[in-house]
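Here are my notes for you to read with the model open. Have a look at it yourself before going through the points.

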Amino acid sequence: KPALIVNAAAYTAVDLAEREPALARAINGRAPGILGEEAKRLGAVLIHYSTDYVFDGTRTTPYPEDAPAAPQNAYGASKLEGERAIVASGAHALVLRTSWVYGLRGRNFLLTIRRLAAEREEITIVADQIGVPNWSCALAAATVRIVGTGLPAVAARSGLYHLSCTGQASWYDFARAIVGDAPRPRVVPITTAEFPTPARRPAYGVLATARFEATFGFTLPDWRHALASCVASRAYSRSVTKRPS
C-alpha cells in the first residue's frame, strides 16, 4: 500500500517504436494509466516522467505546458497517451516532462559518444535539432527535493510541469561538450537530412520551466554545469576505468 509511486519506466527506443507501436503504447500509454488508477484507489501520489517529443518542434521559443501537443513519432504519441491516461485516472499526480536524458547506465547519448570517441577518428553529429540535455541524477535529485516537501504538499500541486536544466544545445553542441578539448575524435556537424532515421525528431524541443520554478521554488542548473558534475562524479571515473579497450 504505497503512499508514493514514482514511475521511471518507459519504452525509449524512439526509432524501434515505429516498428513496435503497440508495445510502446502498452508501456508508455496504458501502463501509466493503470498506475494512476491504482494511486487513486490507494490514495497515493504518482510521479511520472514524460518528454518534449509530445511537441512537433516547429517553435523557436521554449514550449510552455499548455502549448498544443502534436507528436511526430510513435514514441511521442505513446508518451502523450500516458499523460492523458494519468489525468483521466483522477489520481494526485505530477507529470514531469523532460528531454534528452543521459546517465552512466543503459543506452544514451553520453555513453554512445564516449564509445565512439574511443573507436573513431571522426564522428558526425546532427547540428540542426535543438533541445536541452538532462542528467538523470539531476532529475532524480529534483524529484527527491519535491518529495521532501511532504506528500500532502505534492498532492496539492498535482499537474503537468516541465522539469529541465537551463540553456539549450544541438546534438552537435552536446557531443562537443562530451568530447571536450581532446584533439580526437573530430566532431563534424551535419544536418538532419544527412542522417535520416525511422522516427522523425522535433527540430526544437526546449521546454519552458517557469511554472515548475514558481511552484516548487528552485531551478535546475545549466545543462553544461550538470554535464560537468556528471563527468566529475566518482561513478563516471569508475565507468571510464572499467570501459573495455
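This is a predicted model: local features need pLDDT of at least 70, side-chain atom pairs count only at pLDDT 80 or more; totals for chains, interfaces and linings use all residues.

The points below cover helix packing and then a cavity.

1. Residues are numbered from 1 along each chain as its sequence is written, and side-chain values use heavy atoms, with hydrogens and water left out.

2. Start with H1 (residues 21-42) and H2 (residues 74-89), whose axes come within 8 Å and cross at roughly 15°. That makes H1 roughly parallel to H2 (angles under 35 degrees count as roughly parallel, over 145 as roughly antiparallel, 65 to 115 as roughly perpendicular and the rest as oblique). Helices here are DSSP runs of H or I, at least four residues, numbered from the N terminus. Axes are lines fitted to C-alpha atoms over the stretch in contact, and angles run from 0 to 180 degrees between N-to-C directions.

3. Who touches whom? For the classes, Ala, Val, Leu, Ile, Met, Phe, Trp, Tyr, Cys and Pro count as nonpolar, Asp, Glu, Lys and Arg as charged, and the others, Gly among them, as polar.

4. Next, H3 (residues 109-119) packs with H6 (residues 171-179) at about 60°, with the axes 10 Å apart. That makes H3 oblique to H6. On the H3 side you'll find Phe109, Leu110 and Ile113, meeting Trp171, Phe174, Ala175, Ile178 and Val179 in H6. This contact of H3 with H6 has eight nonpolar residues, no polar and no charged.

5. H6 also packs with H8 (residues 223-232), at an angle of about 35° and with axes 11 Å apart. Asp173, Phe174, Ala177 and Ile178 in H6 meet Trp223, Arg224 and Leu227 in H8. By class, that contact has five nonpolar, no polar and two charged residues.

6. Finally, how many cavities of 30 Å³ or more does the structure hold? The count is one, and the largest cavity has about 40 Å³ of space. (On a 1 Å grid over the protein atoms alone, a cavity is a set of points where a 1.4 Å probe fits but cannot get out, and lining residues have an atom within 4 Å of a point; a volume is the space filled by probe spheres set on the points.) Its lining includes Asp52, Tyr53, Trp100 and Trp171, and by class the lining has five nonpolar, two polar and two charged residues.

Definitions and conventions. Helices (H or I, at least four residues) and strands (E, at least two) are DSSP runs, numbered from the N terminus. Contact means heavy atoms within 4.5 Å. On a 1 Å grid over the protein atoms alone, a cavity is a set of points where a 1.4 Å probe fits but cannot get out, and a pocket is an open set with protein on both sides within 12 Å along at least five of seven lines; lining residues have an atom within 4 Å of a point.
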